[in-house]
Amino acid sequence: MTSVEFRTHHKSKNRGNDCINHWQMKVTDNRQSHADGPLSDGAGTRFSAWTPVTNKACNQQLFQERTTLILHWFDLWTDRQRKEFISQLLRRCSKSQLKFTSDCLSEAVPITQMDFTAVLPRFLSLYIMSFLSPRDICAAAQVCWHWRFLAEQDCLWSPKCIRLGWFLPYSPSDNEYGAWKRHYVACAASLDILTPREAADIYGTLNESLTAPDEQEELWREHMIRQTIREKIAEHKKAALKTRRAWLNPSKLGTSVTGTIQKHPLSLTAALLHIGEECRLKKSLSSVETQFGLTIKSTLENTYATSLVRTPSMRFPYSSLFNRPARSKYCPLPHFLLVSSKVPGYELLLAAVQVSVLVLPYDSQGITLEALLFLVERALQGKIIQSVGILAEGSTDEINLTEGLSITEKTVLKPCVREFWEKLCGWVVPASEGGSLNIFAPLAASVSGRALMRNLSAMTGLNVRAPTGICTGSYQHILSEWSGTGEFPPLVYLHETLLLSWCRQAEWIEEACKQLQKQLGPQMHFLCREIRGRILGLLLWDHIKMPVISLKSEVIQCLIQGLVALMNESPDDPLEFLGHFLQRSVKGGLKNTDPWFLTESTSSYIINPIAESTRGLMSDADGRSTVCKELLNSERNFVRQLQAVATVYYSPLRAALDSNRAIISSVSLITIFCPLLDILEANNLFLKELTERWEEWGPQQCVGDVCVKFCTKLRAYTNFFNNYHTILRTIDKCREMLPVFRTFLKRHDRTLATRMLSLQELLLAPSARVEEYVTLLQAIMLHTPPEHPDYTQLSSALNTLMTYRSFIHKLKRSLNKDLRILEAQSTIQSCPNLLEGSRYLITTQDVALLTCLNGDIAASLRMYEHVSDLGLFLFNDALVLTERSVSNAPFCLAVNTTHTFLASIALHCLNVLEITDTKYVQNAFQLESPKRQWSCATDREEDKIRLLSALRSAINAAITRN
């Protein structure tokens with residue numbers, strides 16, 4: 001400290017306020033001197049010329065004196081000056097200093113009450129208030145305006161109204177709130193409420209007092225029931241203690257009993273409670289002991305026997321004596337439905353399932369029959385079922401339960417396939433009790449399909465039923481006649497309304513679902529409009545058959561009203577009915593029409609005309625006539641679609657090209673339309689010959705020679721399928737580069753003349769038609785005896801078309817495999833080229849990468865740590881491992897997942913080891929390559945079983961190839 005500072009400091013203690021001015025002057029002088037030159041090391045300062053750094057004692061003393069001085073000044077200031085000083089001081093503080101200040105204020109002035117609606121987000125406040133009763137919510141609304149605004153929100157009152165069946169008769173606007181509260185108050189005010197005394201006078205009392213003898217008898221009955229339950233439980237425990245295996249026995253049976261009892265601890269208790277309730281209904285007290293003892297004994301035996309056979313190691317307990325649980329007498333047996341993900345629009349089918357049906361949707365990609373059986377067992381949980389329904393991809397001679405496995409007349413006898421069907425149908429009651437196996441593929445429409453059904457029936461001992469498949473179109477064969485007798489199987493599993501919608505629009509629903517999964521938000525309105533347009537186009541195309549409607553709006557409205565009234569009624573003379581309706585509309589207007597014409601019909605809707613008309617047993621001649629008529633009608637529809645392409649698209653483009661106002665070039669026009677015009681020419685001739693044969697139809701009439709002649713022109717189809725990719729690419733290129741062509745497509749796509757379809761959608765018709773040809777010819781062969789003169793030529797045409805269908809399936813599979821590999825490669829960052837050779841993608845799975853913390857101890861005691869996330873991409877020759885990262889965007893629920901390439905392992909060098917489940921790790925397995933190993937785990941057990949099953953199958957196939 002310098003002499004000047006010491007003198008100033010000494011004087012400030014003696015002279016009080018007089019030294020303040022001198023102090024400020026010295027500060028100014030010293031700052032000036034500091035600006036003139038640096039200070040010496042002994043008098044170094046920080047933030048103030050009076051604060052020595054080197055001498056800590058003087059520094060602390062000077063800090064205390066200055067603090068005392070500032071507080072003295074603070075005491076002399078006014079309230080406004082103090083607030084201004086505090087405000088400026090807080091602005092200079094850092095975050096840590098502000099937090100310290102906040103803590104000090106909380107201790108000095110603690111917060112005892114707080115409005116949670118002012119602190120919490122609004123949705124949390126509403127969630128808290130949703131637990132209040134209506135009376136409490138109304139009381140909370142009286143607290144303040146903000147609470148009243150929250151208490152009148154519709155999200156609080158609409159669930160309370162809907163729970164009581166009080167629905168709002170209108171839709172509230174966006175800016176209207178409190179509508180549901182007012183509706184609740186109005187409905188509650190109109191209720192008739194009876195006091196307890198009034199209710200007792202009208203309906204009597206529910207708790208009438210018992211007489212003394214009756215009360216004693218009731219108490220004695222309850223005492224006997226409890227005593228009998230205790231005795232039987234003690235007997236059951238003694239029997240279980242005698243029959244259980246020794247402790248630490250490595251046998252699977254002893255382990256399974258313990259695991260099963262722990263897994264189902266309530267089975268015995270539930271049985272005892274049920275029996276107790278049943279015995280309480282007995283009138284006679286003397287019959288309680290005998291009846292109750294017998295029932296308890298049978299229940300305990302069934303429970304214990306069931307617990308013995310349901311073991312994790314013995315997943316399919318069919319060789320045991322107790323292979324079936326006890327059948328319930330109190331409720332009908334459920335039905336079981338397997339739904340493959342390959343079925344287009346299967347989401348709609350899941351919504352159409354009946355209440356009494358257990359449904360299991362499964363992913364057919366990468367799953368094996370063993371994994372599918374495990375999923376079935378978990379879904380059934382040991383229950384007996386009345387029937388099994390199989391809804392999967394299939395045709396008239398095969399069922400595609402899983403990807404890459406077609407169950408046909410030959411492959412059904414393989415050991416793995418035979419074991420699958422035997423175990424699947426082991427849960428079904430015998431055929432004598434109505435057990436059946438219903439396959440939703442048109443197997444009954446062909447000879448080979450019926451042979452497959454006979455093999456399945458002999459293998460499972462059940463009645464196997466399938467549709468005849470005489471209906472063409474989008475899965476409409478399900479609505480056709482089914483083989484066998486009994487209930488109509490589709491209505492046993494599915495609701496009629498949704499089933500009808502799905503059968504006709506399955507492909508469109510599948511396309512809509514795919515688009516919704518990719519772009520849910522912005523495309524919702526557009527896709528809904530497209531679906532409505534396609535349904536309307538299908539109705540007008542199939543029933544009205546008018547290419548162009550150019551009438552005034554009043555006429556169209558009148559015709560629509562007449563057609564609706566005609567569909568609601570079922571008059572004897574439809575034309576007379578429609579004429580009367582139009583006359584009344586002209587005379588008095590639609591409002592004054594006789595209500596007789598607008599009465600809704602009470603007749604039940606027939607699910608399918610063909611199915612109802614052919615429900616009985618048909619002779620071969622009748623069945624042959626029905627199928628040939630269907631062949632002719634479907635051929636007419638197919639030719640109409642091809643003619644629509646020629647009339648709507650080709651003719652205007654050709655006319656513009658001939659008049660030197662070309663929309664597209666001549667080369668592009670020929671590339672797009674010439675293959676389809678060749679198909680149209682061949683099918684026009686085929687339709688003409690079929691029409692001539694139908695006009696002269698008889699029992700001995702032949703169509704096989706016409707079909708054989710048509711098969712010689714399949715080269716037109718081959719030219720189209722070989723150039724299909726080029727056609728689509730040419731359309732896309734012309735639409736992108738030529739605005740005139742884009743406008744042309746926009747004007748002509750999805751019109752009534754094109755059945756509300758686009759040009760690209762119309763190009764799908766040839767491939768679907770080949771499938772229909774095979775189905776229809778197989779149905780004709782089914783009703784054509786071998787001695788018929790048409791049998792030989794029909795067999796030749798059918799063989800040719802089946803070979804051609806296999807060619808189309810091969811093209812589809814090749815294209816689908818390439819698309820899946822390209823999609824996987826675009827998903828994985830820094831990924832090498834995956835599209836090579838005959839490689840295809842089997843399945844993908846997200847797993848967790850684990851590391852063992854203590855690998856030198858017993859396996860059951862090892863602990864694992866989740867270190868990162870992996871993605872497994874299983875191909876037929878390699879396993880690709882990726883590092884998976886998940887990120888979330890702010891203010892958004894969507895999750896972004898990215899994959900980075902980590903490693904690729906050849907399958908013939910890969911080894912898979914399963915890690916036993918312990919309390920430290922679940923659903924884990926180990927992948928071993930020649931250089932390193934990965935410990936992985938899935939979230940669900942079914943994912944692990946499905947992945948390991950596919951891995952082992954692919955590894956065995958790769959080792960066999962090498």
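Okay, let's start with a word we'll need: "buried" means under 20% relative accessible area, "exposed" means over 50%, and partly exposed is in between, using a 1.4 Å probe and protein chains only. Also, this is a predicted model, where local features need pLDDT of at least 70, side-chain atom pairs count only at pLDDT 80 or more, and totals for chains, interfaces and linings use all residues. Residues are numbered from 1 along each chain as its sequence is written, and side-chain values use heavy atoms, leaving out hydrogens and water.

So, helix H29, residues 704-711. Helices here are DSSP runs of H or I with at least four residues, strands are runs of E with at least two, and both are numbered from the N terminus. Which residues of H29 are buried? They're Gly-704, Val-706, Cys-707, Phe-710 and Cys-711. Looking down the axis of H29, these buried residues fall within an arc of 160°, so they line one face of the helix. That arc is taken from the directions from the helix axis to the C-beta atoms. Covering them are, among others, helices H28 (666-695), H30 (715-722), H34 (765-782) and H35 (791-827), with contact meaning heavy atoms within 4.5 Å.

Next, the sheet. Three strands form an open, antiparallel sheet in the order E4-E5-E6. Its edge strands, E4 (393-394) and E6 (405-407), each pair on one side only. Pairing takes at least two bridges found by DSSP, and E4 and E5 (399-402) have two. Gly-394 stands opposite Ile-399 in E5.

Last one: Met-114. You'll find Met-114 in the loop between helix H5 (95-108) and helix H6 (116-119). Buried or exposed? Met-114 is exposed, because its relative accessible area is 54%.
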